[in-house]
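The entries follow in the order I made them.

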Amino acid sequence: LCHHLLGTNYALFLRRYTVQDENKFSKDGSTYTKYAINLPELHKRTSNLIVRRTKKEVLNLPSKNYHKLLFELEDYKAEYDDYNSAFQRQTKDGDKYTIDVHQRIVASKAKVSGICNEIESLIENGVKKIIIFSPWTEPLELYAKYFGDRAVYIKNSLSHEKKRNLRKRFKSDDSVFVNIGNISSEGTSSNLQFSHTMFICGFPM
């Protein structure tokens, strides 16, 4: 941003509009940005250069309704408790993170049966298009096995063309009710606004 209306000193710009992580550095020695600050001021300073519109100003979308669904661990409780005990005993952050990931996967799998029942009820009541997102492959495989031909399963490993064809099928085929996908691949750059209900099946959500 040198020779720019926002200032001639990038370091001063960072201090004014961001909070840096002083304990984390990239390969070139620069710090990582944690979050932005003073955004109203920055917006005012860039208002004659940047056209900014909120989603509410340009799209006429229905309101969102959020519902938290709680399920028992049931058959997964022993496995979950084992990981929980291992997590408590562990002292290394790296090992704790690995155990935490496995614990989240177990919790996510424990929700599959209950969420499948919820989706069946929605389909019976006329809901046509439903999305299932999860960051974990194991529960996604369980959903794909349960719904079979009534769903499309968009894996991270698929080519862009195959993903695009599956999305088209989900949108146009009345016999396909469910889109199953990893949130990292299907949660971005996919226009799924025609859908009715979305389930986020991670943990603790």
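This is a predicted model: local features need pLDDT of at least 70, side-chain atom pairs count only at pLDDT 80 or more; totals for chains, interfaces and linings use all residues.

I found an open sheet of four strands, paired in parallel and ordered β4-β5-β3-β6. I looked up the edges next: β4 (151-154) and β6 (197-200) each pair on one side only. From one strand to the next, I read an average twist of 15°. As a reminder to myself, strands of a sheet pair through backbone hydrogen bonds, either parallel or antiparallel.

Entry on one strand pair. I picked β3 (residues 130-134) and β5 (residues 178-182), which pair in the parallel sense over five bridges. Within this pair I located Phe-133, which stands opposite Gly-181 in β5. I then checked what packs on the sheet and found helix α7 (residues 137-147), which touches β3, β4 and β5. The direction of α7 makes about 160° with that of β5.

Entry on two helices. How do the axes of α4 (residues 77-89) and α5 (residues 93-110) cross? I found that they come within 9 Å and cross at roughly 165°. Angles over 145 degrees count as roughly antiparallel, so I wrote down α4 as roughly antiparallel to α5. The crossing in which α4 passes α5 is left-handed.

Entry on their contact. I listed the residues on each side: α4 gives Glu-79, Tyr-80, Tyr-83, Asn-84, Ala-86 and Phe-87, while α5 gives Lys-96, Ile-99, Asp-100, His-102, Gln-103, Val-106 and Ala-107. I sorted this contact by class and got seven nonpolar, three polar and three charged residues.

Key. Residues are numbered from 1 along each chain as its sequence is written. Side-chain values use heavy atoms; hydrogens and water are left out. Two strands pair if DSSP finds at least two bridges between them. Axes are lines fitted to C-alpha atoms, for helices over the stretch in contact, and angles run from 0 to 180 degrees between N-to-C directions. Contact means heavy atoms within 4.5 Å. Angles under 35 degrees count as roughly parallel, over 145 as roughly antiparallel, 65 to 115 as roughly perpendicular and the rest as oblique. A crossing is left-handed if the near helix is turned anticlockwise from the far one by less than a right angle, and right-handed if clockwise. Ala, Val, Leu, Ile, Met, Phe, Trp, Tyr, Cys and Pro count as nonpolar, Asp, Glu, Lys and Arg as charged, and the others, Gly among them, as polar.
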